[in-house]
Amino acid sequence: MGILGWILLGLCVGAISRALVPGRTEPGGCIGTTAVGILGALIGGFIASALDLGEIKHFFDLETWLIAIGGSVLLLLLLRAISGPR
């Protein structure tokens, strides 16, 4: 998957994960959402590969999307736990 595919996947997955995780919305807009999606996809891919559950392969693969969404949700929860209440 090329860099454009990673950016598009990150934008979509970041938006989905922000919709799934309840609570306040962090600032950052489109760039922040894309960063959360891309980093979450990398984290999810690393964890899934380490546990031998799967890997990020192709853009239109359901396994890729589920791993990326799981990693993004995990990243958002971690960020919210670190930042604490405002």
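Which residue follows H2 and has a positive phi? The residue is aspartate 52, whose phi lies near 60°.

## The model and its overall make-up

The structure is a predicted model, in which local features need pLDDT of at least 70 and side-chain atom pairs count only at pLDDT 80 or more, while totals for chains, interfaces and linings use all residues. Residues are numbered from 1 along each chain as its sequence is written, and side-chain values use heavy atoms, with hydrogens and water left out.

Helices (H or I, at least four residues) and strands (E, at least two) are taken as DSSP runs and are numbered from the N terminus. Of the 86 residues in the chain, 40% are buried, where buried means under 20% relative accessible area, exposed means over 50%, and partly exposed lies in between, with a 1.4 Å probe and protein chains only.

The accessible surface of the chain is about 5300 Å², and 75% of this surface belongs to carbon and sulfur atoms; such areas come from the Shrake-Rupley method with a 1.4 Å probe, and for residues only the protein chains shown count as cover.

Helix H1 has 18 residues and reaches 25 Å from its first C-alpha to its last, close to the 26 Å expected at 1.5 Å a residue; the expected span is 1.5 Å times one less than the number of residues in the helix. Its buried residues are Gly5, Leu9, Gly10, Val13, Gly14, Ser17 and Arg18, and they pack against H2 and H3. Serine 17 of H1 is buried, with a relative accessible area of 0%, and, not counting residues up to four places away in sequence, serine 17 touches Val36, Ser72, Val73 and Leu76.

Helix H2 has 22 residues and reaches 31 Å between its first and last C-alpha atoms, close to the expected 32 Å. Its buried residues include Gly32, Val36, Gly40, Gly44 and Ala48, and what covers the buried residues of H2 includes H1 and H3. Two packed helices are described by the angle between their axes and the distance between the axes. The axes of H1 and H2 come within 6 Å and cross at roughly 100°, which makes H1 roughly perpendicular to H2. Here axes are lines fitted to C-alpha atoms, for helices over the stretch in contact, with angles running from 0 to 180 degrees between N-to-C directions; angles under 35 degrees count as roughly parallel, over 145 as roughly antiparallel, 65 to 115 as roughly perpendicular and the rest as oblique.

Among the residues of H1 that meet H2 are Trp6, Leu9, Val13 and Ser17, and among those on the H2 side are Cys30, Val36, Gly37 and Ala41. Cysteine 30, which lies in helix H2, counts as exposed because its relative accessibility is 52%. The C-alpha atoms of cysteine 30 and glycine 14 are separated by 9.1 Å, although the two residues are 16 residues apart along the chain.

## Helix H3

The 22 residues of H3 should span 32 Å at 1.5 Å a residue, and the end C-alpha atoms of H3 are 31 Å apart, which agrees. The buried residues of H3 include Thr64, Trp65, Ala68, Ser72 and Leu76, and what covers the buried residues of H3 includes H1 and H2.

Threonine 64 in helix H3 counts as buried because its relative accessibility is 0%. Leaving aside its neighbours within four places in sequence, threonine 64 is in contact with Leu9, Glu55, Ile56, Lys57 and His58. Leucine 77, also found in helix H3, counts as partly exposed because its relative accessibility is 46%.

## The nonpolar core

A nonpolar core is a set of buried Ala, Val, Leu, Ile, Met, Phe, Trp, Tyr and Cys residues joined through side-chain atoms within 4.5 Å. The largest such core here has 15 residues, and those with the most contacts inside it are Leu9, Val13, Ala41, Trp65 and Ala68. The elements that give two or more residues to this core are H1 (3-20), H2 (29-50) and H3 (62-83), with H3 giving the most, 7 residues. Valine 13 touches Gly37, Trp65, Ala68, Ile69 and Ser72, when residues up to four places away in sequence are not counted.

How values were computed:
Contact = heavy atoms within 4.5 Å.
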